[in-house]
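Trainee: I'd like to learn how to read a helix and a ring cluster in a model. Can we go through one together?

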Amino acid sequence: MSNHDNALQAALHSIEWGYEVFPLSINKTPIIRSPHDKGHTCQGMHQCGAPGHGVGDASSDPDTVRWLFDQAPKAVGYGIRCGARLVGLDLDRKEKVDGVATLNRLAERHGFEIPQTTTVCTPSGGFHLWLAVPGGTIVPNSVGKVGPGIDVRSSRGYLVGPGSIGRKGEYVLHPKTGYIEPQPIPDQLLRLMLPPAPRQQPQRRPAAMSVDSSTRALQGLVNVVLTSSEGNRNDRLFWAAAKAWEHVRDGHVAASEVEAELVGAAIQVGLGAGEAMRTVASAGRGVAA
């Protein structure tokens, strides 16, 4: 069986566990090109009917997932949408950074136990921990915020599913745990993932966008980054960040959310964390957060 067919079968198996999935390239990035022009605000395949929205294509319908893989014959992996049910803790072990050691230090310092939960072993020697949060809690994506070597994959983010092939090898379930339902995040660890309480806003400020409108605006800009291709990823990130900082200036979106969401999206399409953070910061120069 080919790597493409193995990835499809693994993706269908993840659907049986209750997750939404979509195909990935060997670079662990969305493989289907966007059907839209630069700057689109389409929320996903469910809105326009065409694939090419990254995590916005994710589906739990087996026939839809088979069709998506038919559109991507070079797909050798799949992404699992994160969000309310699933939050991923990506523990990197590379370039003298050890996310596992960082998490162990945090557990000792803050007095919590690391849950025994579904764990995916990555080809670089790291791990993905699958965790659950209380209903209604929105955890932002982040890179290194919790600690060195620890990235958080949550709303509008995704994890590389077990059975996927990357350039360094295969992602596999940890042999000691296999698959179990994601275990709750300890309260002390959850607090490290959440942004600080917002500062009190001045009484006089522009009329605020509705929560739905501001969320859609940021989602559209995140999709601009997620659907970028090699060669224009940094340009599209800068454009999206400049637009997002305008919403920050107007008081419609928090600066921390813009940074977390756009940097997280940039990493998912292959940009380095440092490069992505510098691009987002550069786009925001002169904007009062």
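Mentor: Start with burial: buried means under 20% relative accessible area, exposed over 50%, and partly exposed in between, with a 1.4 Å probe and protein chains only. Helices (H or I, at least four residues) and strands (E, at least two) are DSSP runs, numbered from the N terminus. This is a predicted model, where local features need pLDDT of at least 70, side-chain atom pairs count only at pLDDT 80 or more, and totals for chains, interfaces and linings use all residues. Residues are numbered from 1 along each chain as its sequence is written, and side-chain values use heavy atoms, with hydrogens and water left out.

Trainee: Which residues of α4 are buried?

Mentor: In general, an α-helix has 3.6 residues a turn, so residues three or four places apart point the same way. Here the buried ones are G99, V100, T102, L103, L106 and A107. They sit on the same side of α4 because their arc around the axis is only 160°, taken from the directions from the helix axis to the C-beta atoms. E108 and R109 are exposed on the face turned away from that buried side.

Trainee: And what about ring pairs: which residues do they link into a cluster?

Mentor: Rings of Phe, Tyr and Trp (its six-membered ring) pair if their centres lie within 6.5 Å; planes under 30 degrees apart are stacked, over 60 edge-to-face, the rest tilted. Here the cluster is W17, Y19, W130 and Y179. W130 and Y179 are edge-to-face because their planes meet at 70°, with centres 6.1 Å apart. W130 counts as buried because its relative accessibility is 0%.
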